[in-house]
Amino acid sequence: MRFSPTMAAMVALLAAAPALAAPFTPKSDDEVVEKLPSTASDPSIRRVDSLRKQLAARPDDSALRIEIGRRYFDLAMAQGDPRYVGYATAAIAPLEKAAPNDANYWLIKGLLQQYSHDFASAMKSLQRASELDAKAPDPVAWRAAINMVQAQYPQALGECARLVPLAHPLQAQACTAYVQAATGQLQPAYDALLKEFNATRGLPPEFVVWIRTRLAEMATRLQRTDEAQMHFTEALKLGVTDQFLLGAWADFLLAQKRPAEVMTLLKDWERSDILLLRLAYAGKAANDSRAAGWAAQLRDRFQAASLRGDRLHEQEAARFELDIEGNAKKALDLATRNYTSQKEPRDAEILMRTALAAGDAKAAQPALDWLRTSRYEDPTLSALASKLAEKGATQ
C-alpha cells in the first residue's frame, strides 16, 4: 500500500476554494505575469524554479511538465495564491494531445478543474486517471472530496471504501470518519479516528496537520473546547504551511473572542483572500485601525471577481457583505447562488445566517433540508435552524 499526501490536503483545498480567484493562464511558459513572494529559504519555491529551468531545456518532457503542474498546484493550496494555478495550467496545457494515456496528467487536470468548480469535468478526469492506474489512491480520495462538497454522502463513502486496499489504513479511516461526522455519527467518528491516530506512528507531517485539524473541528462541534485547542496547537507546532489550518484556527480564536491573536497569526497572509477575510473580522472586532484597509482590499478583490463573472468567491463574498459591509440582501443573493454548487456546512451556515439577517427565512430552506436529511451535528447550525423555524421556515 502507498501513502498519498493528497488526502491530507484535499478537503483543505476545497473548503478554501470559494475564496480563491479564477486562475489566469499565461500564453507561454516564459511569460512573467508577476513576481510572487519567495525567499531563498523556501525549498518548495526553489524546487519549482529549478524544474522550470530544466523545462526550458526539455520542453517535450511530459513527466517534468506534470511535476511542475502538481508542485504549483500544491503551492496554491498551501499559500492561498491562485496565480500558482495559472502557472500549473500553463505547464500542462501542451499535454492535452501529448499525454492522453498518462494517469498523472488526468489527475492534475482533474485537480485544476475542481479548483475552478468544474466538478463534473473534474470527476471525469479523475475517473480516467483511475482507469489508467487502478492502484493510485489520489484520484479516489479527490472524488470523495468532491462528493463531500456536493453533499453526496453515499458516493463519498463508496470512494472511501475504494481507498482501503490502495492507501495507508489511517488515510482510508480518516476518509470514512469525515463522511460519518457529517451524517449523524460525530461522536463515534471522532473517537475512532482519534484512537487510530494516537496508535499510529511515522506519519508525514502534512497528513498529521490534516488529521489534527479535522479532529479539532469535530471537537469544537462536540463542544470540547480544550481538546479542540490542543489539536490546533499540536498541528501548528509542525510548521507546515497550510492556509486551511490557519483559517480554521483563526475561526476558533474569533469564536473565543480572541481577535488580537488572529491579527498576530495572520499578519503576513494578506495575499490569501480566505485569511484576509479573517483579518478583517479580527480587526473589526478589536477596533483596530488596520481593519478599514483590510476591508478595502477585500472589497476590491470581490468587485473585480464579479466583473470577471468569477463565482469562486461567492461564499466568502457573502460573509464579507454580511459581517463587514452589513448588506444582508446582497449577502443572501451571493449565499443563495453559492449553495447551488457547494453544499458544505459552511455554505449552509452562511445561507441560514443571511436569510435570517435579510428577513427571508424561507430562502434558507435548502440548507434546512440538508441539515435534516444529513443529520449533521453542530450546535451553531441547530440554533440557526431554530431561529429560522420561528420565522416561518420548515425544520
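User: What makes you say that the charged end of Lys343 sits over the ring of Tyr339?

Analyst: The rule asks for NZ of Lys or CZ of Arg within 6 Å of the ring centre and within 35 degrees of the ring normal. The charged end of Lys343 lies 5.5 Å from the centre of the Tyr339 ring and is counted as sitting over it. Arg271 lies over the face of Trp269 too, at 4.5 Å from the ring centre. Keep in mind that this is a predicted model, where local features need pLDDT of at least 70 and side-chain atom pairs count only at pLDDT 80 or more, while totals for chains, interfaces and linings use all residues. Residues are numbered from 1 along each chain as its sequence is written, and side-chain values use heavy atoms, with hydrogens and water left out.

User: How do you know how far to trust the prediction, and what is the mean pLDDT?

Analyst: pLDDT is the predictor's confidence in each residue, from 0 to 100. Here the mean is 88, and 89% of the residues reach 70 or more. Residues 1–27, though, have pLDDT below 50, yet the model gives this stretch 107 contacts (heavy atoms within 4.5 Å) beyond near neighbours in sequence. Residues 29–40 also stay under 50, with 22 contacts beyond four places in sequence. Where pLDDT is low, the predicted coordinates should not be read in detail.

User: How many helices and strands does the protein have?

Analyst: There are 22 helices and 0 strands. Both are DSSP runs numbered from the N terminus: helices are H or I with at least four residues, strands E with at least two.

User: Are Trp249 and Phe252 buried or exposed, and what are the values?

Analyst: Buried means under 20% relative accessible area, exposed over 50%, and partly exposed in between (1.4 Å probe, protein chains only). Trp249 has 8%, so it is buried, and Phe252, at 6%, is buried as well.

User: What makes the pair of Phe302 and Phe320 tilted?

Analyst: The ring centres of Phe302 and Phe320 are 5.4 Å apart and the planes are at 55 degrees, so the pair is tilted. This pair links distant parts of the chain, with Phe302 in helix α17 (residues 291–308) and Phe320 in helix α18 (residues 314–325), 18 residues apart. Both residues are buried.

User: Why is Ser130 called buried but Ser50 partly exposed?

Analyst: Ser130, in helix α7 (residues 119–132), has a relative accessible area of 12%, so it is buried. Leaving out residues up to four places away in sequence, Ser130 touches Pro139, Val140 and Arg143. Ser50, in helix α2 (residues 43–57), has 31% and is therefore partly exposed.

User: What puts Lys257 and Asn287 in the exposed class?

Analyst: Lys257 has a relative accessible area of 73%, so it is exposed. Asn287 has 71%, so that residue is exposed too. Lys257 lies in the loop between α14 and α15 (259–265), and Asn287 in the loop between α16 (273–286) and α17. Each has a positive phi in a residue other than glycine: near 60 degrees for Lys257 and near 55 degrees for Asn287.

User: How do you know that the span of helix α20 agrees with what it should be?

Analyst: The expected span is 1.5 Å times one less than the number of residues. Helix α20 (residues 345–358) has 14 residues and should span 20 Å; its end C-alpha atoms are 20 Å apart, so the two agree. Buried residues in α20 include Ile350, Leu351 and Met352, and the buried residues of α20 pack against α18, α19 (328–339), α21 (365–374) and α22 (379–390). Gly359 follows α20, with a positive phi near 70 degrees.

Terms used. Phe/Tyr/Trp six-rings, centres within 6.5 Å; stacked < 30°, edge-to-face > 60°.
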